[in-house]
Amino acid sequence: EFYDLISAFHKSVRGSSPDGALYWYCRILAGGGDPLYVARRLLAIATEDIGNADPRALQLSMEAWDAQERLGSPEGELALAQAVVYLASAPKSNAVYEAFNLAQKAVVDNGSLEVPLHLRNATTSLGKQLGYGKEYRYAHNEEEGFAAGESYFPQSLQHAQFYFPKNSGLEKRIKEKLDYFRQLNAKSDNKRYDGAD
């Protein structure tokens, strides 16, 4: 039954129901559930279900966990309740969670691809002779702090995309910025981005 309560709690937060989430949180406490277990679950929700739609959710969850450890019951439980309501009310996005899974799959599917020469650090004279770091474009020196057309992948993954921001909360603005950068990449004549070495 404990795991059923946790499931109902998590789904209420994900479903943006602060009232439902508070109810299930109180049921967990009434049943003898450890508030620190709820704190850990809040951290998972902050990263899996809210992500960059509201990055403050992760920070608030950490602070609520800290408050529970420092204060104990019942004051700490109130701090967790504050985090429960905040997370349930926050905009939601699982885009980072999905991106992480896609990136992990790409690593498994493609094996250990070599780091392109321009992304290697030329810390030795041999590295410099081999072309490590040659033609690397330092983004801070580029217009808008973005090296349009630069590629940060091995050759076979030139146009890979894992992160697809949602139109929710802060992630909507992140999406607009990344879409703009993709437009700059498309207009660029940089050969690396086009797939040539």
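**Exercise 1.** Does F2 count as buried, partly exposed or exposed, and why?

*Solution.* Start with the ground rules: this is a predicted model, in which local features need pLDDT of at least 70, side-chain atom pairs count only at pLDDT 80 or more, and totals for chains, interfaces and linings use all residues. Residues are numbered from 1 along each chain as its sequence is written, and side-chain values use heavy atoms, with hydrogens and water left out.

Next, recall the cut-offs: buried means under 20% relative accessible area, exposed over 50%, and partly exposed in between (1.4 Å probe, protein chains only). F2 has 28% relative accessibility, so F2 is partly exposed.

**Exercise 2.** Classify the ring pair of F2 and Y37, then that of F153 and F162.

*Solution.* Begin with the rule: rings of Phe, Tyr and Trp (its six-membered ring) pair if their centres lie within 6.5 Å; planes under 30 degrees apart are stacked, over 60 edge-to-face, and the rest tilted.

- For F2 and Y37, the centres are 5.1 Å apart and the planes stand at 65°, so this pair is edge-to-face.
- This pair links distant parts of the chain, 35 residues apart: F2 sits in helix 1 (residues 2-14) and Y37 in helix 3 (residues 35-50). Helices here are DSSP runs (H or I, at least four residues), numbered from the N terminus.
- F153 and F162 are also edge-to-face, with 6.1 Å centre to centre and 70° between the planes.

**Exercise 3.** Which residues of helix 6 are buried, and what do they pack against?

*Solution.* Look along helix 6 (residues 95-110): A95, A99 and A106 are buried. They cover an arc of only 35° around the axis, so they lie on the same side of helix 6; the arc is that of the directions from the helix axis to the C-beta atoms. The buried residues of helix 6 pack against helix 8 (170-187), where contact means heavy atoms within 4.5 Å. Now turn to the face away from the buried side, which carries the exposed residues F100, V107 and V108.

**Exercise 4.** At what angle do helix 2 and helix 5 pack?

*Solution.* Helix 2 (residues 18-30) and helix 5 (residues 75-89) pack at about 150°, with axes 9 Å apart. Axes are lines fitted to C-alpha atoms, for helices over the stretch in contact, and angles run from 0 to 180 degrees between N-to-C directions. Among the residues that meet are Y25 and L29 in helix 2 and L80 and V84 in helix 5.

Conventions:
Helix = DSSP H or I, 4+ residues; strand = E, 2+ residues; numbered from the N terminus.
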